[in-house]
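I opened the file to look up side-chain pairings and backbone angles. My notes follow in the order I made them.

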Amino acid sequence: MMRRAAWPMRRAAAPRAAAAPQGRTTRAASAAAAAASSFGRLAFVGGGKMSEAAASGVVSNKLVAPNDLIVSDPNPRRRQYMGEKLGVKVTGCNVEAADGASTIVFANKPQHCPSVFSQLRGRISQDSLVVSICAGVASSQFQEGLDHNRVVRTMPNTPAMVQGGMTVWYAMPGVSEGQLLATKQLLQSFGKEEQVTHEDYLDMATALSGSGPAYFFLLMECLVDAGVHMGFPRDVADRLVRQTALGTAVYAEQAGGTHLSILRNDITSPGGTTAAALYAADRGNFRTVVSDAVWSALERSKALNDSTDLKKNQRPAP
């Protein structure tokens, strides 16, 4: 059994409602400018959904001008789509994308890493920043595969597509202070970010926040089915559940650090309908089922990370 370690995380600052003093605003603007200068020419290897989310974020937040951003992808239709939507440069050649780039985001499929490494090994400036969005690929594999020390490994999730992502990230010791700031700016452009000081936490993040949207979708699906079982038309049950999920997430966010059990207790009247539902959930070992599911995801993430199949350019067995 894995032992719990002390929580070595640096929390991202919560947004302030009130206007910041002039000095603080100036410092924030200077920090943003420093981050933008740290990006320099920004390249994406792989033009999938996560690349689209990240590239859209940096362009809309003016962290990088579209003509300083290039996306490589083997699919001509995908290249055309990214070029037309964002106004960025596109190419089918990874070497062309990486050439002269100050920051290179690897968003290719994990099983393609060996071939990508062979194409780009020795072609990336030692001063450039490498950011990986490749699930299950350790930063050491990027370090060895590319012969490069400035590597950041990230674990985002799909709500990044609507600028609501949660990304956990780890930076290798060779990453500079300016590149750390640039990484934060990049990840904050499509959601929130949480930096960790040990790479082992990336597997945990994969199981919790990376796979997390699927858990919520499953719960929402179950609630819609329950609504239909009670007699609601499916489209009505679907609307009720979607808005309840959205409103609950916003409510929890605006409650700040209030413990979730307090928020739950606030809407659980003694002997009421919610209490009856929660009792039935506990009787069915709901908490244990959820915990076991997340733990299974963790074990699978660790197994994929340890797999030698990646080095052979093979997809790991299920």
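I counted salt bridges and got 10, taking a salt bridge as a side-chain nitrogen of Lys or Arg within 4 Å of a carboxyl oxygen of Asp or Glu. The model is predicted, so I noted its limits: local features need pLDDT of at least 70, side-chain atom pairs count only at pLDDT 80 or more, and totals for chains, interfaces and linings use all residues. Residues are numbered from 1 along each chain as its sequence is written, and side-chain values use heavy atoms, with hydrogens and water left out.

**Salt bridges**

I looked up Lys184 and found its side chain in a salt bridge with that of Glu193, at 2.9 Å from N to O. For burial I used relative accessible area: buried is under 20%, exposed is over 50%, and partly exposed is in between (1.4 Å probe, protein chains only). Lys184 is partly exposed at 24%, whereas Glu193 is buried at 2%.

Next I took Asp238 and Arg242, whose side chains form a salt bridge at 2.5 Å, N to O. Both sit in helix H10 (residues 234–254), and they are about one helical turn apart because 4 residues separate them. Helices (H or I, at least four residues) and strands (E, at least two) are DSSP runs, numbered from the N terminus. Asp238 is partly exposed at 25%, and Arg242 is exposed at 53%.

I also noted Arg287 with Asp282, where the closest N and O atoms of the salt bridge are 3.6 Å apart. Arg287 is exposed at 55%, and Asp282 is partly exposed at 44%. Elsewhere, salt bridges link Glu52, Arg78 and Lys85 in a network.

**A buried glutamine**

What does the side chain of Gln179 contact? I found a polar contact with the side chain of Arg150, at 3.3 Å. A polar contact is a pair of N or O atoms within 3.5 Å; within protein, one must be able to donate a hydrogen and the other to accept it, and residues adjacent in sequence count only if both atoms are side-chain atoms. Gln179 belongs to helix H7 (residues 177–188) and is buried, with a relative accessible area of 6%.

**Aromatic rings**

I found 2 aromatic pairs. Rings of Phe, Tyr and Trp (its six-membered ring) pair if their centres lie within 6.5 Å; planes under 30 degrees apart count as stacked, over 60 as edge-to-face and the rest as tilted. Phe106 and Phe142 have ring centres 5.3 Å apart and planes at 70°, so I logged them as edge-to-face. This pair links distant parts of the chain, Phe106 in strand E5 (residues 103–106) and Phe142 in helix H6 (residues 139–146), 36 residues apart.

Phe117 and Phe142 are also edge-to-face, at 5.0 Å centre to centre and 75° between the planes. Phe117 is in helix H5 (residues 113–120), 25 residues from Phe142. I checked burial: Phe117 is buried at 9%, Phe142 is buried at 0%, and Phe106 is buried too. The ring pairs join Phe106, Phe117 and Phe142 into a cluster.

**Positive phi**

Most residues other than glycine have a negative phi. I noted Gln163, with phi near 55°, in the loop between strand E7 (151–155) and strand E8 (165–171). Gln163 is partly exposed at 44%.

I noted Asn285 as well, with phi near 60°. Asn285 lies in the loop between helix H12 (273–283) and helix H13 (286–306), and is partly exposed at 46%.
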